[in-house]
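Here are my notes for anyone opening this one for the first time. Have a look at the model, then go through the points below.

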Amino acid sequence: MSQMAILSWRWDGDLHSSQNIASAVHLAKAMSIKYLFVDQISIDQTLDGDALIERVLAFSTMYKTITVIVAYDKADEDFEKTVYRPWIFSEMRLYRYNPGQIIYVRHSNQGSKRNYDIFTVIPPILGDLWSYDFGKHLGLNWAATILETITRVLCEDIEMTSIYDFKFIMPPYARVLSTAYETMSRNDYLLTAVLLCGSHERPSVRLCLDINEMDYKRYRFSKPRGLSIRETLHTTTSS
């Protein structure tokens with residue numbers, strides 16, 4: 001196991017031009033790691049349906065078990081928007097339970113940038129790591145839920161290459177989300193994902209305040225007296 005590692009990275013080019021992959025490979029060689037698992041290579045991109053979901057789930061399990069090399073720097077992108085991208089946000093939550101090493105590699109001084117603000121929600125287990133941007137967002141991620149990233153995509157605060165991928169990030173709801181994606185508008189589909197997630201997770205930080213101002217085709221918001229926007233999510237009804 002000590003000779004294996006898995007990469008969690010911000011896509012910044014193909015396998016040959018990515019600075020993040022180059023940084024990770026350089027570190028892996030320095031650590032005498034023989035096998036570095038990268039999603040683009042390790043997951044058969046020609047699969048679809050349940051076969052692809054099973055492969056993604058099997059791959060994701062390694063974030064909990066073997067050394068994780070993290071590479072999220074992207075020079076032309078706000079680091080906060082990077083770590084809230086759904087795939088990255090999900091992977092960060094997975095390697096929270098890894099008993100081994102989590103190693104951040106940099107090339108643009110983003111994740112390794114010193115942060116001197118104090119965040120009381122940062123878990124004590126992170127120690128001095130909170131003083132770096134990666135550590136700060138790692139702590140915020142672990143204190144949050146997947147709702148944060150879904151609502152940010154819904155409100156167009158962050159980008160997602162394919163919103164269809166939420167079925168891989170939320171495998172228990174894969175079939176429901178597949179149907180929703182095929183039959184609903186973008187916003188209705190994403191709000192469906194929010195409601196599915198919200199049925200068993202309570203957000204620990206305030207969600208996007210404009211969620212009820214987005215345009216929906218099949219949903220409408222009602223706000224009975226005394227309910228907050230967070231509670232309103234659970235009173236949304238189909239029209």
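1. Buried here means under 20% relative accessible area, exposed means over 50%, and partly exposed is what lies in between. With that cut-off, buried residues make up 49% of the 239 residues in the protein. Keep in mind as you read that this is a predicted model.

2. Now the overall make-up. The secondary structure comes to 11 helices and six strands. If you take the contacts with a separation of 6 or more, 66% of them are between residues 24 or more positions apart.

3. On to the sheet. Four strands form an open sheet in the order E2-E1-E3-E4, and the pairing is parallel. The edges are strand E2 (35-37) and strand E4 (102-104), each of which pairs on one side only. Going from one strand to the next, the twist averages 25°.

4. Strand E3 (residues 67-71) pairs with E4 in the parallel sense, over three bridges. If you want a spot to look at, find Ile 69, which stands opposite Ile 103 in E4.

5. Helix H1 (residues 19-30) is a handy one to check by length. Its 12 residues, at 1.5 Å a residue, should span 16 Å, and the end C-alpha atoms are 17 Å apart, which agrees.

6. Which residues of H1 are buried? They are Asn 20, Ile 21, Ser 23, Ala 24, Leu 27 and Ala 28. Looking down the axis of H1, you'll see the buried residues fall within an arc of 160°, so they line one face of the helix. His 26, Lys 29 and Ala 30, on the other side of H1, are exposed. And what covers the buried residues? The cover includes strand E1 (4-9), along with E2, E3 and E4, which takes us back to the sheet in point 3.

7. Next, the charged pairs. Searching the whole structure turns up seven salt bridges. One of them joins Arg 175 and Asp 50, with the closest N and O atoms 3.0 Å apart. Arg 175 sits in helix H9 (residues 174-183) and Asp 50 in helix H3 (residues 49-61), so this pair ties together parts that are 125 residues apart in sequence. Is Arg 175 buried or exposed? Arg 175 is exposed, at a relative accessible area of 62%, while Asp 50 is partly exposed at 42%.

8. Another salt bridge is formed by the side chains of Arg 152 and Glu 80, at 3.1 Å from N to O. Arg 152 belongs to helix H7 (residues 147-154) and Glu 80 to helix H4 (residues 79-83), so the pair ties together parts 72 residues apart in sequence. Arg 152 has a relative accessible area of 19%, and the cut-off for buried is under 20%, so Arg 152 counts as buried. Glu 80, at 32%, counts as partly exposed. There's a network here too: salt bridges that share partners join Glu 80, Lys 81, Arg 152 and Asp 157 into one.

9. The side chains of Asp 215 and Lys 217 meet in a salt bridge, with 3.5 Å from N to O. Lys 217 counts as exposed, with 59% relative accessibility.

Definitions and conventions:
Residues are numbered from 1 along each chain as its sequence is written. This is a predicted model: local features need pLDDT of at least 70, side-chain atom pairs count only at pLDDT 80 or more; totals for chains, interfaces and linings use all residues. Side-chain values use heavy atoms; hydrogens and water are left out. A salt bridge is a side-chain nitrogen of Lys or Arg within 4 Å of a carboxyl oxygen of Asp or Glu. Helices (H or I, at least four residues) and strands (E, at least two) are DSSP runs, numbered from the N terminus. Buried means under 20% relative accessible area, exposed over 50%, partly exposed in between (1.4 Å probe, protein chains only). Two strands pair if DSSP finds at least two bridges between them. Axes are lines fitted to C-alpha atoms, for helices over the stretch in contact, and angles run from 0 to 180 degrees between N-to-C directions. The expected span of a helix is 1.5 Å times one less than its number of residues. The arc is that of the directions from the helix axis to the C-beta atoms. Contact means heavy atoms within 4.5 Å.
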